[in-house]
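Thanks for making time this morning; I would like to walk you through one chain, beginning with a single residue and then widening out to the fold as a whole. Please have the sequence and the structure open while I talk.

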Amino acid sequence: LTIDRFEDHGLAVLETDTGASVVVPRTHIPPEAREGDVLLELNGGPVDGPVRYAVDFEATARRKQEAGAFRALLPEAPEGDLE
């Protein structure tokens, strides 16, 4: 899961690998988490209580590096904007 965005009323929108959105309470996300971070599911279900998440810092760094490498391959317009 990746944090897509934080919304009003204490909600976080997460995106799955298939592109589906999952909305969870912000309180289930660590306070240091930021948009774009990859999350690991810690627990959940009727026995364990609500699902909680931890930031996967290694996976987040990998994704940011991959995105930067991809962005560097995109052509730029004369003004510097991506085409």
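This is a predicted model: local features need pLDDT of at least 70, side-chain atom pairs count only at pLDDT 80 or more; totals for chains, interfaces and linings use all residues.

Let me start with the contacts of His28, which, once residues up to four places away in sequence are set aside, touches Pro50, Val51, Arg52 and Tyr53. His28 itself sits in a loop, the one that runs between strand S3 (21-25) and strand S4 (39-45). Is His28 buried or exposed? With a relative accessible area of 14%, it counts as buried, because the cut-off for that class is under 20%.

Tyr53, one of the residues that His28 touches, also belongs to the largest nonpolar core, whose 9 residues are Ile3, Ala12, Leu14, Val24, Ile29, Ala33, Leu39, Tyr53 and Val55. Two or more residues of this core come from each of strand S2 (11-15) and strand S5 (49-55). Within the core, Leu39 is worth a look of its own: apart from neighbours within four places in sequence, Leu39 is in contact with Leu1, Ile3, Leu14, Ile29, Tyr53, Ala54, Val55 and Asp56.

Now to the whole chain, which has 1 helix and 5 strands, arranged from the N terminus as β-β-β-β-β-α. Of its 83 residues, 23% are buried, and the accessible surface comes to about 5,900 Å², with 54% of that belonging to carbon and sulfur atoms. Finally, among contacts with a separation of 6 or more, 30% are between residues 24 or more positions apart.

Definitions and conventions
Residues are numbered from 1 along each chain as its sequence is written. Side-chain values use heavy atoms; hydrogens and water are left out. Helices (H or I, at least four residues) and strands (E, at least two) are DSSP runs, numbered from the N terminus. Buried means under 20% relative accessible area, exposed over 50%, partly exposed in between (1.4 Å probe, protein chains only). Contact means heavy atoms within 4.5 Å. A nonpolar core is a set of buried Ala, Val, Leu, Ile, Met, Phe, Trp, Tyr and Cys residues joined through side-chain atoms within 4.5 Å. Accessible areas come from the Shrake-Rupley method with a 1.4 Å probe; for residues, only the protein chains shown count as cover.
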